[in-house]
Amino acid sequence: MSLRNKRTIYTMCIRPVMTYASPVFAHARPDLLYDLQIVQNNFCRRAADAPWYVKNSVLHRDLELPNISKFMKDASERFFDIANSHPNPLLVSAVSYEPPPQHFCRRPRNVLIDPPDELTAEVENL
């Protein structure tokens, strides 16, 4: 099976399961998202048949796959753009809701303003 076919299997079958409802949980604790990133790194390494010394950032760049946090951030951005222009006013008001300043709970939309993680920054610099 070619590398392109393995990449297609990942993007069509495995990633949707890993990133289900990502606009909602994309702002979860970084250590929880790191576990999903480990699964993606292992798949990339096996699909490319890469040895242990090849950096994960090089694998992601060569396979043209964004890391999990970048993918979730992009999915969240698309979701909020679509929801913002939806004809249902209740959905639009839910998307644009801003909690009071003393509220400590992060909103799912906050993931859009978070800085990139280390792997994303490294892949973008290559």
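This is a predicted model: local features need pLDDT of at least 70, side-chain atom pairs count only at pLDDT 80 or more; totals for chains, interfaces and linings use all residues.
Local features need pLDDT of at least 70 and side-chain atom pairs count only at pLDDT 80 or more, while totals for chains, interfaces and linings use all residues. Residues are numbered from 1 along each chain as its sequence is written, and side-chain values use heavy atoms, with hydrogens and water left out.

Rings of Phe, Tyr and Trp (its six-membered ring) pair if their centres lie within 6.5 Å, with planes under 30 degrees apart counting as stacked, over 60 as edge-to-face and the rest as tilted.

| Aromatic pair | Centre to centre | Between the planes | Class |
|---|---|---|---|
| Trp 52 and Tyr 53 | 5.6 Å | 85° | edge-to-face |
| Phe 79 and Phe 80 | 5.2 Å | 70° | edge-to-face |

Taking buried as under 20% relative accessible area, exposed as over 50% and partly exposed as in between (1.4 Å probe, protein chains only), Trp 52 and Tyr 53 are both exposed. Phe 79 is partly exposed at a relative accessible area of 39%, whereas Phe 80, at 6%, is buried.

Helices are DSSP runs (H or I, at least four residues), numbered from the N terminus, and their axes are lines fitted to C-alpha atoms over the stretch in contact, with angles from 0 to 180 degrees between N-to-C directions. The axes of helix 3 (residues 30–48) and helix 5 (residues 68–84) come within 9 Å and cross at roughly 110°, which makes the two helices roughly perpendicular, a class that spans 65 to 115 degrees. In this contact (heavy atoms within 4.5 Å), Leu 33, Leu 36, Gln 37 and Gln 40 of helix 3 meet Ile 68, Ser 69 and Met 72 of helix 5.

Technical notes: Angles under 35 degrees count as roughly parallel, over 145 as roughly antiparallel, 65 to 115 as roughly perpendicular and the rest as oblique.
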